[in-house]
Amino acid sequence: MSINAANPAINATLTASAGSGKTWMLVTRILRILLEDVQPGSILALTFTRKAAGEMQQRLAERLYELATVDETALDKALTEIGISPNDTYRQRARELYEFHQYCDYPVRTQTFHSFCQDILARFPLEADVPPGFDLLESSSLLIKQALDALYNEATLDMNGQLAQDLQQFMKLCDGHFNMDKALNSFLDHRSDWWAFTEKADDAIGFATETLQQQLEFDASIDPLHNFFNDFTLQYIKEFASLLGRYANKTNEKHANSLANVLLASEFNHDHFQQVCECFLKKDGDPLKQGREDKPAVRKALGDDTDRFLELHELIVSAIFKAKDLLNKKNTFELNRLWYICGERFVGHYQKLKRELRTLDFTDLEWRTYQLLQSSDN
């Protein structure tokens, strides 16, 4: 691991596996800063857990004590190891740092990210648009349940309203109430991602759905089934069914009759599409090729029409795969669109309950601090 990462004159990002010395490197960087005669109170180290923050403080104290107590030879070696060329100035500072840090008014601070955010917001509540004197919500399970109840109660007030319809359709696409609740909770867990993603959009849901369409390369205004059952495909199916009837066996006769029934429909739906798929695809989704290949039996039955028969099979299979791809994209788009709509409304109820209780949770701490520090005025 390069000692250059400890140089306070550069910005450094260090990635390494567990146990490879990242904490040692961070403490070394703090030592280097202190040895440049920087006030300890101006140094802030952030980590993820209280345990890690405490360990960092302990290691810093141990390293400072070591510099204060070792002999001259060991001191010069220790300074060299952290990238400093020993001289009288650095030796004197190294000897004095332990006592100075122990008794100074503002020592080096090691905190968790959330405790840092909480301190900032507590000092600047109005600028951060949070309740002054807010409390930190340690457990959110009860509030989440209340927010979910509030969402369903809102929908129940108008069973024919848009929210009720959206929730009903979302539950159908999620295959049940249980999965829908999991999806809504997932949206709540990732609400800071949603806020960051839609932060600059006037219409968050409109922006998100438009972006999703671009990512899927899908136009939501197109009906994949209407696109499939066009005049060309219907003519192909009609012609293919006629040829299939001439190549008589039990399976072909069944498929020819099934295709003929589809062609009698005045309007086409998903069931009709499934009937066509069953005539051209196996259960695993691969094309049905038995009896649809260039073999003597096929040529004997169809003669000069064999090539057209094989060509029609390829054309229709290709159209089926294209339609299936569009249907999958449509399902993905619709599922996520409803997730955005219902999820944002759910988050709205959750945030409203917290405002009434004058509380913030860990996600609020992160997001509000981020917003506060994004302003150049602040």
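Start with the second largest pocket, whose lining is made up of Tyr152, Ala155, Thr156, Met159, Ala164, Leu167, Gln168, Met171, His177 and Met180. A pocket here is an open set of points on a 1 Å grid over the protein atoms alone, where a 1.4 Å probe fits, with protein on both sides within 12 Å along at least five of seven lines; lining residues have an atom within 4 Å of a point. Keep in mind that this is a predicted model, where local features need pLDDT of at least 70 and side-chain atom pairs count only at pLDDT 80 or more, while totals for chains, interfaces and linings use all residues. Residues are numbered from 1 along each chain as its sequence is written, and side-chain values use heavy atoms, leaving out hydrogens and water.

The second largest pocket holds about 180 Å³ of space. H7, H8 and H9 each give at least two residues to its lining, and the largest share, four residues, is from H8. (Helices are DSSP runs of H or I with at least four residues, and strands are E runs of at least two, numbered from the N terminus.)

Leu167 turns up again in the largest nonpolar core, a set of 37 residues where Leu167, Phe170, Leu184, Trp194 and Phe346 touch the most other members. Such a core consists of buried Ala, Val, Leu, Ile, Met, Phe, Trp, Tyr and Cys residues joined through side-chain atoms within 4.5 Å; buried means under 20% relative accessible area, exposed over 50%, and partly exposed in between, with a 1.4 Å probe and protein chains only. H17 supplies the largest share of this core, 10 residues. Take Phe170: beyond its neighbours within four places in sequence, Phe170 contacts Met180, Ala183, Leu184, Leu335, Leu338, Trp339 and Cys342, a contact being heavy atoms within 4.5 Å.

Now for the charges. The whole structure has 17 salt bridges, each a side-chain nitrogen of Lys or Arg within 4 Å of a carboxyl oxygen of Asp or Glu. One of them pairs Arg246 with Asp305 at 2.8 Å, N to O. That pair links distant parts of the chain, 59 residues apart, with Arg246 in helix H13 and Asp305 in the loop between H16 and H17. Arg246 is partly exposed at 42% relative accessible area, and Asp305 is partly exposed at 30%.

Lys354 and Asp361 also form a salt bridge, at 3.1 Å, N to O. Here Lys354 is buried at 1% relative accessible area, and Asp361 is buried at 7%. Shared partners join Arg191, Lys354, Asp361 and Asp364 into one salt-bridge network.

Note on methods: Points joined across faces, edges and corners; volume = space filled by probe spheres on them.
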